[in-house]
Amino acid sequence: MKKISILGATGSIGLQTVEVIEEHPDQFQLTAIAFGKNIEKAIPIIQYHRPKTIVVADHDIKEKLTLQIDVAPQHILVGEEGLIDISCDREIDLVVNAVMGSMGLPATIAAIEAQKQIAFANKETLVTAGHLVMEKAKEYNVNLLPVDSEHSAIFQALNGEDKKSVNQIILTASGGSFRDKTRADLSGVTVNDALNHPNWDMGAKITIDSATMMNKGLEVIEAHWLFDIPYEKIDVVQHRESVIHSMIEYVDRSVIAQLGTPDMRVPIQYALTYPERLSSLSFEPLDVKQLHQLHFQELDMNRFPMLRYAYEAGKKGGSMPTVLNAANEVAVALFLQEKITFLEIETIVEHALQAHRLIQSPDLETINQIDQETRIKIDEAHR
Ligand SMILES: NC(=O)C1=CN([C@@H]2O[C@H](COP(=O)(O)OP(=O)(O)OC[C@H]3O[C@@H](n4cnc5c(N)ncnc54)[C@H](OP(=O)(O)O)[C@@H]3O)[C@@H](O)[C@H]2O)C=CC1
Ligand SMILES: CC(=O)[C@@H](O)[C@H](O)COP(=O)(O)O
Ligand SMILES: [Mn+2]
């Protein structure tokens, strides 16, 4: 029986992880959960699984939760300390990191130091501090098991091959909510338009990232760190159907892809069961006879400049990806609050990168400082 903690249990990945756990009660036990503020979504999980520890965003939420459900206050932890606690708890075998944003970094490091298995969805953490996370993972001999669909696909297509045999990684991109719009069309788009992803039902932030193509930019950096592959060998292709989740071209020109219906429970479950596979009756099989056509198209970096910014920041390295990520997190939040337009997300990220003076090999403290400074500057400019 694998004892699991989920960071971000009330989110899109978190809830789908709970579904996977519930389908296999003989394999998994949900021992700890963390969520932010969504008590309504948390209560059924707590009632059904009775996790030993619950982590919430702040004391106010803790108080509200104790009024609504019978849980002893000592079993409810708060904030970053709580996230760290359930990432390295002796009882836990596997940590699912499914919080949104670089706030997942301290818990990731704690889980690595405690040598937990880690099912990893929280790409912003790898973008902001990939060099530190991967160094720790190597030191403690911990594998980050990818949950992100593209990275799970690459992980499966790699299947233990020597990375020297990889000619290139090809990440697929759906194109997001505005894939059929020109840049001129983008000036009047609304938050609701942007949240309407063609293929996936995901959290708000990643859905906006998908529409700006920053999601693919973050994924390029995530792939660089997870698979130790240089940026020159990571390509992105637009693929409308999200059926091929990504591919690897090997040096002998063999291309190996992973396919499946767009359902995040598949990569989540694989990360939970790795290196085994479990049959699952609730997943929709891919009927290739019904596919008829799959589409592929080169991505235009002028149409999607965020992808270019991400490649540039990744290649410069050092503190640049930290700025890219922090600026993007704040800009997306401002857009979701309808304080800026869709196209201003790009401008904010571009200006933050231009204004930043690169620091090579930043340590954790420097990363936290740059992350905070970037957020504060943008927030202050948009009060
Ligand atoms: N959704 C998807 O299909 C995919 C997501 N990913 C990545 O997975 C990560 C999660 O994405 P997604 O599930 O969409 O995001 P959501 O916004 O749906 O979920 C975020 C989760 O984090 C929780 N959270 C927020 N603040 C805190 C806090 N202070 N302490 C503890 N928990 C907190 C939220 O709680 P609450 O809502 O209660 O406040 C929620 O449970 C992201 O990094 C994303 O890029 C990658 C591939 C696919
Ligand atoms: C499901 C998943 O992994 C997302 O990251 C997805 O890839 C988003 O779709 P885009 O290809 O539109 O970014
Ligand atoms: Mn993805």
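# Exercises on a predicted model

Glutamate 63 lies in helix α3. Helices (H or I, at least four residues) and strands (E, at least two) are DSSP runs, numbered from the N terminus. This is a predicted model, in which local features need pLDDT of at least 70, side-chain atom pairs count only at pLDDT 80 or more, and totals for chains, interfaces and linings use all residues. Residues are numbered from 1 along each chain as its sequence is written, while chains are lettered from A and ligands numbered from 1 in the order in which they are written.

## Exercise 1: Glutamate 63

Decide whether glutamate 63 is buried or exposed.

Step 1. Take the rule: a residue is buried if 20 or more other C-beta atoms lie within 10 Å of its own, exposed if 12 or fewer, and partly exposed in between, with C-beta atoms placed from the backbone.

Step 2. Apply the rule. Glutamate 63 counts as exposed because it has 12 C-beta neighbours inside 10 Å.

Step 3. Look along the chain. Isoleucine 76 is 13 residues from glutamate 63 in sequence, and their C-alpha atoms are 9.6 Å apart in space.

## Exercise 2: Strands β2, β3 and β4

Trace how β3 pairs with β2 and with β4.

Step 1. Start with β2 (residues 28–34). It runs parallel to β3, with three bridges. Alanine 34 has valine 55 of β3 as its bridge partner.

Step 2. Move to the other pair. Three bridges also link β3 with β4 (residues 76–78), again in the parallel sense.

Step 3. Follow the crossovers. From β3 the chain passes through helix α3 (residues 59–68) to β4, in a right-handed β-α-β crossover. Right-handed has a set meaning: with the strands pointing away from the viewer, the path from the first strand over the helix to the second runs clockwise. β2, helix α2 (residues 39–49) and β3 also form a right-handed β-α-β unit.

Step 4. Check the faces of β3 (residues 53–56). Thr53 and Val55 are buried on one side, and Ile54 and Val56 are buried on the other. In a regular strand the side chains alternate between the two faces of the sheet.

## Exercise 3: Strands β1, β5 and β6

Which strands does β5 join, and over how many bridges?

Step 1. Take β1 and β5. They run parallel over four bridges. Serine 5 has valine 95 of β5 as its partner.

Step 2. Take β5 and β6 (residues 117–120). Four bridges join them, also in parallel. Asparagine 97 is partnered by phenylalanine 120 of β6.

Step 3. β5, α5 (residues 105–113) and β6 make a right-handed β-α-β unit.

## Exercise 4: The shell around ligand 1

How many residues surround ligand 1, and which are the closest?

Step 1. Use the cut-off: a residue is near a molecule or strand if its C-beta atom, placed from the backbone, lies within 6 Å of it.

Step 2. Count. The shell has 28 residues, and the closest are Gly8, Gly11, Gly36, Asn38 and Gly203.

Step 3. Sort by type. There are 14 nonpolar, nine polar and five charged residues. Ala, Val, Leu, Ile, Met, Phe, Trp, Tyr, Cys and Pro count as nonpolar, Asp, Glu, Lys and Arg as charged, and the others, Gly among them, as polar.

Step 4. Find the main helix. α1 gives the largest share, three residues.

Step 5. Examine glycine 11. It sits in the loop between β1 (2–7) and α1. Glycine 11 counts as buried because 24 C-beta neighbours lie inside 10 Å.

Conventions:
Two strands pair if DSSP finds at least two bridges between them.
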